[in-house]
Amino acid sequence: MDRVSALDESLKKTLGPATAKVMAEQLDLHTVGDLLHHYPRRYEERGQLTRLADLPLDEDVTVVAQVADSRILKFNGGRGQRLEITLTDGSGRLQLVFFGRGIHKPHKDLLPGSRGMFAGKVSMFNRKLQLAHPTYVPLGTDSGDEAVDSFAGKLIPIYPACKGLESWKITKAVDAVLPRAGEAVDPLPPSLREGRGFVTLPEALLKIHRPDTKADVSEARDRLKWDEAFVLQVALARRRHADTQLPAVARKPVAGGLLDAFDAMLPFTLTDGQSAVTREIFADLATEHPMHRLLQGEVGSGKTMVALRAMLTVVDAGGQAAMLAPTEVLAQQHHRSITEMMGELAEGGMLGGPEKATKVVLLTGSMGAAARRHALLDLVTGEAGIVIGTHALIEDKVQFHDLGLVVVDEQHRFGVEQRDALRSKGKQPPHLLVMTATPIPRTVAMTVFGDLETSVLDQLPAGRSPIATHVVPAQDKPHFLARAWERVREEVGKGHQAYVVCPRIGDGEDEPKKKAAAKAAEADGDKRPPLAVLDIAKQLTTGPLAGLRTEVLHGRMQPDDKDDVMRRFGAGEVDVLVATTVIEVGVNVPNATAMVIMDADRFGVSQLHQLRGRVGRGSAPGLCLLVSEMPEASPARARLGAVASTLDGFELSRIDLEQRREGDVLGQAQSGVRSSLRVLSVIEDEDVIAAAREEAVGVVAQDPELDAFPELRTALDALLDTEREQYLDKG
């Protein structure tokens, strides 16, 4: 059997069809290799051998003793039964207890007079020391010290298990395939492995599954973490390298063009951060291979301004630029703010429009047929230099004259397939700029967006005001909530405006959604479903905010109605906007200074940070109030406390990710594929990821096809299956 196929062998053949079926369906394990990479979650310690006279309470122990007596007792009116066994070793006594169906085997195995070795945690019941459901091995009269030594002090692996497959059954299955670990192909180049002092892969697999000591576990984890980081970084480095081989049209700035005319109109100077990031983007646009850049920045750091200047550069160079927004509200908002920023420069082709101007068109799914036809015509003829739209831009019938740049706003809301479809509309691959307002810790950016070069805007433009954030404990201190509404009235009294954000829309929500909300509420130990926009709006207009001009905004409204509400709010004709998270990104109303977030504990940390960024966008300071009924000691309140304590989005995103599953980080939701990370933590293992990236870049620069590293190529194919490879491919 060759080295590769040993681990590719189906578990059906090794473990039998019944076990293999459960493993495949419940744990997504199909081959011997899959099972060898299904690592223990933790290890139980049997503890060193202890005399019964010296048993410590609440600790794991292993004892060798003789069964003094054994009895089955009934309880619960005869419906329940338990087995009690008394042990003695001459120094003291200990009780074992087993319940329910678990009593039959030990009752048969552990007869009075027999000897055994027993392991478990010591507890006290009815003033007697006991072990509940201990692990045990019966010892015959000929069992010597060797058997005792091999049992005591062992680390027992506890595996991620599932219904129908307990950890001990997985342990048996791993025992059956563990001899194959010796045939595992080691992906690390020998020089790298030796240089970093790692054990071989077969040795790491043996040590992670059957460690003798904690040092074994640590050694194995270090090696396996490195593999995961390194193989992933090699995949991303190859992606970046392949991109540099693709042809693209260089789009260089043109003197005296649209960009110069736009810059001349700006009433302010760019921040140093904006200037630095712009230089990086312009340098990329001027090359003959596609730019792949991630622009991440704090809420309100001026990403749209940077993106617009990049789009104008491309238009100057004869191309077109498309901006893809996640929602119609946001697309309309971008269209409005970009045409306002450009002024007459957005009036290309209009009577009396300036010579240096282009058309800025909007394309969304809900546009009327005539407006849509016009927009499509402007795109195909090249009349429109800039188009802003939702996923409607991706449809087959949308054709561009010469697409040179794609700007994707709020990357995490688009599937990679959608971004890829838009990129395929260029005659040659267009340049790509991905913007995100959710700051991403450096390691996550290196792991998830590793094929994108990263630019960071962490400086707020001059004139942006500080935002004060406070938690309002509505349950413990109801008067705090009353004060919150007073604060809103005070802000409106000063001529400002406010947002009130709720997790749900309310009336008329389809039943399944309502039930799901109620069910989630119950799971949270909270019988109340999340607060809804329509209900809260009604309560506010007849209660604490009576007399103020209040409007609602949510995703189920007609696009024209949404646009109308946003326009009137922007124009100052509405005092209070009660909305869902449709206002989370891109909405820019400098006069809005206060935000009250109801049921704030139901939002993620990054989402709260995003929402908060809608206030304090003008010269007056912003106020964000996080209303929650969760008790003070709860994790949810701790999370809100973290949001209130810092305005640093990068710090908050770390907190957010530490509280979420790692798979979320890796864009599983986008790729639909299980995360390939099993021991690597993208938050904690920063050094490992950075070092692995450096090594990976070196290896790929030296040998992009990995011809000299067939084992690494094999590991790449195994760890990054086709679907995930495509996912990275489309990043």
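Leucine 363 stands opposite glycine 389 in β12. Strand β12 covers residues 384–389 and pairs with β11 in the parallel sense over five bridges; two strands pair if DSSP finds at least two bridges between them. Helices (H or I, at least four residues) and strands (E, at least two) are DSSP runs, numbered from the N terminus. The structure is a predicted model, in which local features need pLDDT of at least 70 and side-chain atom pairs count only at pLDDT 80 or more, while totals for chains, interfaces and linings use all residues. Residues are numbered from 1 along each chain as its sequence is written, and side-chain values use heavy atoms, with hydrogens and water left out.

Strands β11 and β12 belong to an open sheet of seven strands with parallel pairing, in the order β11-β12-β10-β13-β14-β9-β15. At the edges stand β11 (359–363) and β15 (453–457); each has a single partner strand, so one side of each is left without a neighbour in the sheet. From one strand to the next, the twist averages 20°. Strands of a sheet pair through backbone hydrogen bonds, either parallel or antiparallel. Helix α15 (residues 369–381) lies across β10 (320–324), β11 and β12, and runs at about 130° to β11. Axes are lines fitted to C-alpha atoms, for helices over the stretch in contact, and angles run from 0 to 180 degrees between N-to-C directions. Contact means heavy atoms within 4.5 Å.

Two helix pairs were examined. The axes of α12 (residues 272–285) and α13 (residues 303–316) come within 10 Å and cross at roughly 30°. That makes α12 roughly parallel to α13; angles under 35 degrees count as roughly parallel, over 145 as roughly antiparallel, 65 to 115 as roughly perpendicular and the rest as oblique. The crossing of α12 past α13 is right-handed. A crossing is left-handed if the near helix is turned anticlockwise from the far one by less than a right angle, and right-handed if clockwise. Among the residues of α12 that take part are Val277, Ile281 and Leu285, and those of α13 include Met305, Ala310 and Val314.

In the second pair, α10 and α27 (residues 686–702) pack at an angle of about 45° with their axes 8 Å apart. Helices α10 and α27 are therefore oblique to each other, and α10 passes α27 in a right-handed crossing. The residues of α10 that meet α27 include Trp226, Phe230 and Val234, and among their counterparts in α27 are Val688, Ala692 and Val699.

Six aromatic pairs are found in a search of the whole structure. Rings of Phe, Tyr and Trp (its six-membered ring) pair if their centres lie within 6.5 Å; planes under 30 degrees apart count as stacked, over 60 as edge-to-face and the rest as tilted. The ring centres of phenylalanine 75 and phenylalanine 99 are 6.3 Å apart and the planes are at 90°, so this pair is edge-to-face. The pair links distant parts of the chain, with phenylalanine 75 in β2 (residues 60–75) and phenylalanine 99 in β4 (residues 93–99), 24 residues apart. Phenylalanine 75 is partly exposed at 32% relative accessibility, and phenylalanine 99 is partly exposed at 38%. Buried means under 20% relative accessible area, exposed over 50%, and partly exposed in between (1.4 Å probe, protein chains only).

The rings of tryptophan 226 and phenylalanine 230 have centres 6.4 Å apart and planes at 15°, so the pair is stacked. Tryptophan 226 and phenylalanine 230 are four residues apart in α10 (residues 214–245) and therefore separated by about one helical turn. Both residues are buried. Phe98, Phe118 and Tyr136 are linked by ring pairs into a cluster.

Leucine 548 is found in the loop between α20 (533–542) and β18 (550–553). Leucine 548 has a relative accessible area of 15% and is therefore buried. Apart from neighbours within four places in sequence, leucine 548 is in contact with Arg489, Val492, Asp575 and Val576. Threonine 550 lies in β18 and, at 19% relative accessibility, counts as buried. With neighbours within four places again left aside, threonine 550 is in contact with Thr541, Val576 and Val578.

Over the chain as a whole, the secondary structure comes to 29 helices and 21 strands. Of the 731 residues, 52% count as buried. Among contacts with a separation of 6 or more, 74% are between residues 24 or more positions apart.
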